[in-house]
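Please look through the structure below before reading on.

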Amino acid sequence: MPTFPNIKDLKHFEVVFFDLDNTLYAYDPAHKAALEATLIKFAYEHDIDMDTANNLYREARKVINHRLHGQAASHSRLLYFKEMIQALNHHTRFSDALQFEKIYWQHFLTEMQIFPEALKLIKQLSKRGIALGIITDLTTQIQLQKMKKLKLESYFKHLITSEEVGVEKPHSTIFYHALNLFDAKGETCAMIGDNTKTDQGAEQVGMQFFLV
Ligand SMILES: [Mg+2]
């Protein structure tokens, strides 16, 4: 369980932004369970063993991450699974990538659980009338599903995704976009996240960064 800043350190801010993945819930267990379930199915359907499936996945992710670096689609499971099918030369089966993507996210969403400490802080901030936003890398479709699963919709005024803005954190554009939506100045806002490389980019626009 990550350690969150105290409400006392946050009460003077107008807006508090949160990162989503691995800040509000634990990413690794959800990803691990989802990937395993998907690769078991992939290995069975393409008649390969699990080691081969795992290697194919890692290689496919590397190719897509490299090609689409800095864009929301660099995290697209659909693209990873399509790339795996392509690596096997099973070209007539590209559309299978759709079902693997579905299996992956179904398992992921089932596994994910909000950190109780995060929910406590969100409720405290919300009670004090502090506006809340999420700034996250990835596609809007899946991030909205995660918000829904974690029952967070009623607390947050805006969800800002890298897909909507065209750049990922730590690019200052995504943080400026967030400030514009709230009509707020950076100095009056806080950003809470688990990643110093990406989330800490909030400091470029004057926000105070809190690492969890
Ligand atoms: Mg994160």
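The model is predicted. According to its domain assignment, the protein has two parts: domain 1 covers residues 7-26 together with 113-211, and domain 2 covers residues 28-111. The C-alpha centres of domain 1 and domain 2 are 28 Å apart.

Where do the two domains meet? On one side, 13 residues of domain 1 are in contact with 10 residues of domain 2. Two elements, helix H7 (140-149) and helix H8 (162-165), each give two or more residues to the side of domain 1 that touches domain 2. H7 supplies the largest share of that side, with 4 residues. By type, the residues on that side of domain 1 are 4 nonpolar, 4 polar and 5 charged.

Now turn to helix H2, residues 27-45. H2 has 19 residues and spans 27 Å from its first C-alpha to its last, close to the 27 Å expected at 1.5 Å a residue. Which residues of H2 are buried? They are Ala 30, Ala 34, Leu 35, Thr 38, Leu 39 and Phe 42. These residues lie on the same side of H2 because they cover an arc of only 140° around the axis.

Just after H2 comes Asp 47, which takes a positive phi of about 55°.

Key: Residues numbered from 1 in each chain as written. Predicted model: local features only at pLDDT ≥ 70, side-chain atom pairs only at ≥ 80, totals over all residues. Domains from an automatic or database assignment. Contact = placed C-beta atoms within 7 Å. Nonpolar A, V, L, I, M, F, W, Y, C, P; charged D, E, K, R; others polar. Expected span 1.5 Å × (residues − 1). Buried ≥ 20, exposed ≤ 12 C-beta atoms within 10 Å, placed from the backbone. Arc of directions from axis to C-beta.
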